[in-house]
Amino acid sequence: MKLAKRLFFIRHGEAQHNIAWYKYGEKAYYMKEITDPKLTNIGEGQAIHLGNNFKEKNSIDLVIVSPLMRCLQTATNIFMGENVQIIACEEAREFPMGLQYTNKRSNKSLLRKEFPHVNFINLKTDEDKLWNSERLETLDELNARTKNLYDYIKKRPEKNIAVVSHSTFIMNVLYDNVDESHNKELKHCYPYKKL
């Protein structure tokens, strides 16, 4: 899909579930105690490092961010001190939105309190009603979400947009491919450019 915009897709920094994967394997994603995990200290450092070294940072007109903690923290650390609007969008969430507690978002009221500089107008409900406790999200549903995000971006006046999201979601956007293998994940805090 061709847009007359410059998009930078950035995966969040290392988060608690990424570390738990080494101990529990894929089971880590389904553990209720790792719901909406935060960044590790390393992940915080990765985001700050990118914020200090992202050459195009000053040209970014808008930041769209997944409303999961790890992405909100990453966007905050990258764009700290910048005069740029940060908007949370459900469409930019990780795939699959279902069964995996790591991909279930916190309540909007909590997120607004922790990230007062982020615009949460696009979150329609306080509780996460999109996360499905009974089944995994399908590829068709993911593609519909991706299309909705592109439609939203097309309607925006900004030309240079950073999207802070997740490995599998970004992989689908960039390469029209979903590979959840641990060794195929995209780099943390690296700006993948899409014109």
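Predicted model: local features only at pLDDT ≥ 70, side-chain atom pairs only at ≥ 80, totals over all residues.
Colleague: Fine. Where does Lys 108 sit?

Modeller: Helices (H or I, at least four residues) and strands (E, at least two) are DSSP runs, numbered from the N terminus. Lys 108 belongs to helix α4, residues 108-114.

Colleague: And which side chain of opposite charge is nearest to Lys 108?

Modeller: Some terms first. Buried means under 20% relative accessible area, exposed over 50%, and partly exposed in between, with a 1.4 Å probe and protein chains only. Lys and Arg count as positive, Asp and Glu as negative, while His and the chain ends are not counted. A salt bridge needs a side-chain nitrogen of Lys or Arg within 4 Å of a carboxyl oxygen of Asp or Glu. Lys 108 is buried but has no salt bridge, and the nearest side chain of opposite charge is Asp 126, 7.2 Å away. A polar atom of the Lys 108 side chain does lie 3.4 Å from the backbone oxygen of Phe 120.

Colleague: Tyr 101 then. What does it touch?

Modeller: Tyr 101 lies in the loop between β3 (85-88) and α4. Not counting residues up to four places away in sequence, its contacts include Tyr 29, Ile 34, Asp 36 and Trp 131. Tyr 101 and His 49, by contrast, are 28 Å apart in space, C-alpha to C-alpha, and 52 residues apart in sequence.

Colleague: How do I read aromatic pairs?

Modeller: A pair of aromatic rings is described by the distance of the centres and the angle of the planes. Rings of Phe, Tyr and Trp (its six-membered ring) pair if their centres lie within 6.5 Å; planes under 30 degrees apart are stacked, over 60 edge-to-face, the rest tilted. There are 4 aromatic pairs here. Phe 8 and Phe 54 have ring centres 5.5 Å apart and planes at 75°, so they are edge-to-face. That pair links distant parts of the chain, with Phe 8 in strand β1 (residues 6-11) and Phe 54 in the loop between α2 and β2 (62-65), 46 residues apart.

Colleague: Last one: how many disulfides are there?

Modeller: A disulfide is a covalent bond between the sulfur atoms of two cysteines. The cut-off is a pair of cysteine sulfur atoms within 2.5 Å, and the structure holds 0 disulfides. For Cys 71, the nearest cysteine sulfur is that of Cys 189, 9.4 Å away. Cys 71 is buried at 0% relative accessible area, and 10 of the 10 residues of helix α3 (residues 69-78) are buried.

Technical notes: Residues numbered from 1 in each chain as written. Heavy atoms only, no water. Polar contact = N/O pair within 3.5 Å; in protein donor to acceptor, adjacent residues only side chain to side chain. Contact = heavy atoms within 4.5 Å.
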